Structure formats: C-alpha cells, structure tokens
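Subject: Structure handover

Hello,

The sequence and structure are below for your files.

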Amino acid sequence: MVVNSYSFLLFFVVVFFVYYLPVFKKTPRFQNTWLLLVSYVFYGMADWRMIPLLLGTTILFWLIGLGLRSQMDKGNTKTASHITTFSVILGIGILLYFKYLNFFAESLAELLQAIGLQVSWSTLNIILPIGVSFFTFKLISYIIEIHREHIMPCRDLTEFATYIAFFPTILSGPIDRPDKFLPQMKQVHTLDYALAADGCRQILWGMFTKMCIADNLAIITNQAWAGYDHQSSAMLLIAALLYPIQLYADFDGYSNMAIGVGKILGYRVNRNFNHPFLARNMAEFWRRWHMSLTGWITDYVFMPLNIAFRNIGNAGIMMAAMINLILIGLWHGANWTFGVFGLYHGLLFIPLVLSGAFGKNKKLKENSHGLPFLKDFGKMCLTFCLWALSLVFFRADHISQAFDYLWATITNGLSAPLAIDAYGKLYILLGLMLLVLEWIQRKQEHALQLQNMPLFSKRSIRYALYLVIILLIITFTGKSQAFIYFQF
C-alpha cells in the first residue's frame with residue numbers, strides 16, 4: 001500500500017476520522033495508541049513478517065535508553081559509554097545482517113575464486129525489511145541523543161514505538177530526530193485547518209511530481225538503459241540528464257506526501273529537500289538533498305571524525321568528508337556501484353576543501369528581475385551535470401554496466417533517431433518546468449505555497465490551479481512505478 005494509491009486514501013480516511021474523534025481529545029495517549037496501531041497495520045501490509053523485528057528492536061532500544069539514563073544519573077559514565085557503544089554496534093549490526101550479509105559473502109567468494117580458492121558455501125536467503133535503513137537510524141540517534149544529554153529517555157513505550165513506526169515516514173523517511181518528534185506526542189492534536197490545508201497542498205504537489213513527472217520520465221530512462229548498446233549517444237545523454245529529475249521528482253514526491261500526511265495529523269515532519277538543483281557546488285548540494293540522511297550522517301559520523309582528525313588540518317577534513325560520502329553511498333544498498341557513487345562525491349569535496357569553499361553557505365545572487373546571475377547559473381548547471389554523472393553509477397546494476405553506458409554515450413554516434421515520441425517530449429517539458437518552479441518557489445517549502453504570490457492572491461485562482469493539477473494527474477499519470485527509495 002503506497003501513499004499515492006486508492007487503498008491508502010481509504011486507509012487514511014479511517015485513520016483521520018478516528019484520530020480526531022472527541023473521545024480522543026482527553027489525553028494524548030488515545031491518539032498515540034491509535035497512531036501506533038495503524039502504523040503497525042500499515043507496516044504489516046507492506047511485509048507482515050518483519051513486524052517482530054520492528055517491535056523487538058523498538059522495545060529493546062526503549063529499555064536500553066532507560067538503562068542508559070539510569071547509569072548516567074548514578075555517575076557511571078564508563079558504563080553509560082559502554083551501553084551507548086553497544087547500542088550503536090547493535091543498530092549497525094541489524095543493518096549489516098539484513099542489508100549487507102549476502103553482499104559481503106558473495107564478494108568474499110568471488111575474491112577467493114579469483115585467487116584460485118574454491119568455496120562451497122551458499123548465501124543466506126535473508127529478507128530485506130522495508131524501511132530498515134530508516135527506522136534503524138531513528139533507534140541509533142535516540143540512544144546517542146540521550147548520551148549527549150540532548151533529550152531525556154521516553155518513559156512511555158507507546159510514544160516511543162509510535163515515533164519509530166510513524167506510518168507516513170517508516171518506509172522511506174524522512175528520518176525524524178527524537179528531540180523534534182517526541183515532544184509533539186505530549187500534546188493532544190486538534191485539527192489545525194491552516195496546517196492541514198497546507199498538508200493537502202503538499203500531498204497534491206507530491207502526487208503530481210511522482211505520478212506525472214517521475215513515472216513518465218521513467219519510461220524514457222528505462223528504455224535508454226534497457227538498450228543502451230544500440231541507442232544513439234544523444235538519447236543516452238538525454239536519459240542521463242533526465243534521471244536526476246526523475247529521481248528527485250520520485251523521492252521528493254514521496255517526502256512531500258509523507259510530510260503532508262503528518263501535517264494533517266498535526267505533526268511537523270523533517271524537511272527532506274531544499275531545492276537541490278539550485279546548489280552551486282556539491283557541498284551545497286548535499287546540504288539540500290535528502291537532508292534528513294545527510295544531517296544524520298554529518299552529526300553522528302562526520303563531526304566526530306572531523307574532531308578526531310582536526311590535528312591534520314585540511315587533510316583531516318578531506319578524510320572525514322570522504323568517509324562520510326562513502327557511507328552515504330553504501331547506505332543506499334549492498335552494491336559496489338553505491339560505493340563508487342560515494343567515492344566519486346568524496347573526491348569532488350577535495351577541491352572544495354582546498355579552495356576554502358567547503359562549509360560556506362553564500363546567498364544566491366540575483367539581478368533586478370529576480371533571476372540568478374550568470375556566474376551562479378553556470379555553477380548550478382555544472383553541479384547538476386556532476387550529479388547526473390554520479391547517478392549513472394547509482395542507476396547501474398553493476399560497475400561494468402555503468403562504464404558501458406558511459407562509453408556508449410561517447411561512441412554510439414548521433415545518427416540513430418531519438419526514441420522519444422510526442423508524449424515523451426511533453427513529459428520532458430514537465431520535468432523542465434519543475435526546475436523553473438524550483439527557482440520561482442525557492443523561498444517556500446513546496447511549490448504550492450502560493451499565498452504570497454500576487455498572481456495567486458485570490459483563493460478562487462489558487463483553487464482553479466489545484467483543479468488543473470488534479471486534471472493533469474488524472475490525464476498524464478504514467479504506468480505506476482514503485483518508489484525508487486523503497487529498495488533502500
């Protein structure tokens with residue numbers, strides 16, 4: 001059951017009306033219990049076999065949090081550090097087992113066979129739990145934040161379990177931090193019309209980008225990748241430049257829908273994207289792209305490493321950034337392509353560190369018409385192209401396929417006609433329109449926050465636009481494609 005399906009709509013209607021029943025307005029416990037129940041139903045409909053894992057790890061980390069705080073209150077700092085270390089290792093161990101064990105076993109077998117040693121073991125048939133990368137990071141950050149004394153442990157198991165399993169975000173994020181989410185569970189939520197209305201607009205925008213742009217661009221990019229050996233170089237280049245837009249429309253579309261559902265329920269979920277295609281270098285890009293993941297890795301990996309390496313100056317910053325980006329790459333999946341993807345981005349950080357541009361957050365320069373200066377626009381285009389190149393490895397099934405695709409882009413020639421029909425050109429136009437809207441609405445959380453724009457100051461005009469978007473969704477919805485980040 002995905003958020004852009006009729007089954008989810010029916011599910012959410014039931015959740016909504018029960019959630020706001022007058023009887024639930026007495027204490028937060030009623031609403032939290034209901035959210036916990038429906039979150040487990042939602043997760044179970046994705047894969048019921050993984051409910052014991054979710055429930056078991058939730059209870060275990062909840063107990064660990066209480067024990068950690070108890071040791072800290074007693075002044076047993078050494079024991080508290082051991083508990084925190086154990087918790088982090090346990091969380092990473094869960095990820096390694098479910099997500100990477102088969103990959104490591106296969107890679108080791110291939111290495112041994114390459115040097116002439118035959119192995120007879122077979123890989124385990126391990127089921128990858130949906131959303132394991134997301135809820136495991138929540139569990140780890142909860143313990144670390146207690147140890148850093150940024151939060152107190154949650155005494156209410158229902159609240160903590162709801163935070164971990166919150167159904168709008170459990171499958172593909174955003175990754176909410178406990179210090180921001182758990183306090184929201186202490187209050188009874190009444191329907192906030194303004195917040196809920198904005199949530200509906202954000203859901204609508206997410207559905208449009210996913211169903212009209214991402215799913216339709218997928219037709220073009222999938223066709224190019226399926227036959228890259230006989231496609232023209234121009235077609236392969238166009239597909240490579242379209243895939244970043246497809247990936248963004250897909251993942252940002254899901255994030256907008258998840259955040260919008262949270263708003264309707266009275267929750268403010270972490271923002272996940274901040275107009276990444278306006279970035280002028282890769283450091284700025286990663287501050288704008290998948291912000292809940294990059295923020296998590298920065299706080300819990302990069303900053304400790306940066307402190308540890310501070311005595312070796314820029315070399316330490318480069319080492320920390322390299323490790324940071326490689327881990328971000330490998331977080332996406334058990335494939336060497338993601339390792340190359342992360343290594344590539346780590347290498348791009350080296351000139352930024354040496355030039356002193358790393359960590360700086362300069363404002364975009366605009367002319368009197370509100371358009372970017374040519375220098376900034378050129379940097380945006382270069383950053384986009386560097387990102388597109390890295391996504392060839394992200395999209396490929398294996399490293400050799402990525403290099404084959406790149407080689408075909410150079411050598412296949414321009415004689416073959418573009419395999420893009422009139423509808424394909426329309427979908428490309430929609431994708432380019434998305435980039436233009438990114439600039440126009442760069443100061444807003446999402447594109448349909450139009451209240452402050454003179455053209456849309458009247459409610460009737462805004463409603464007419466919403467109706468047009470709904471009609472576009474109905475008319476141009478492509479063949480349904482699974483959300484790309486569900487596999488991570």
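The side chains of E284 and R288 form a salt bridge at 3.1 Å, N to O; the term stands for a side-chain nitrogen of Lys or Arg within 4 Å of a carboxyl oxygen of Asp or Glu. E284 and R288 are 4 residues apart in helix α10 (residues 282-288), so about one helical turn separates them. Helices are DSSP runs of H or I with at least four residues, numbered from the N terminus. Both E284 and R288 are buried, where buried means under 20% relative accessible area, exposed over 50% and partly exposed in between (1.4 Å probe, protein chains only). E284 also meets R280 in a salt bridge, again at 3.1 Å, N to O, and R280 is buried as well.

This is a predicted model, in which local features need pLDDT of at least 70 and side-chain atom pairs count only at pLDDT 80 or more, while totals for chains, interfaces and linings use all residues. Residues are numbered from 1 along each chain as its sequence is written, and side-chain values use heavy atoms, with hydrogens and water left out.

The structure holds 14 salt bridges. One of them joins R69 and D73 at 2.9 Å, N to O; both residues lie in helix α3 (residues 51-73). R69 counts as buried at 10% relative accessibility, whereas D73 is exposed at 51%.

F17, in helix α1 (residues 6-19), is exposed, with a relative accessible area of 55%.

There are 3 cavities of 30 Å³ or more. A cavity is a set of points, on a 1 Å grid over the protein atoms alone, where a 1.4 Å probe fits but cannot get out; lining residues have an atom within 4 Å of a point. Points are joined across faces, edges and corners, and the volume is the space filled by probe spheres set on them. The largest cavity has a volume of about 100 Å³. Its lining has 14 residues, of which Y248, H275, E438, E445 and H446 are the closest to the centre.

The second largest cavity has a volume of about 40 Å³. Its lining includes D252, R271 and E445, and α9 gives the largest share, 4 residues.

Regards

How values were computed:
Helices (H or I, at least four residues) and strands (E, at least two) are DSSP runs, numbered from the N terminus. On a 1 Å grid over the protein atoms alone, a cavity is a set of points where a 1.4 Å probe fits but cannot get out, and a pocket is an open set with protein on both sides within 12 Å along at least five of seven lines; lining residues have an atom within 4 Å of a point.
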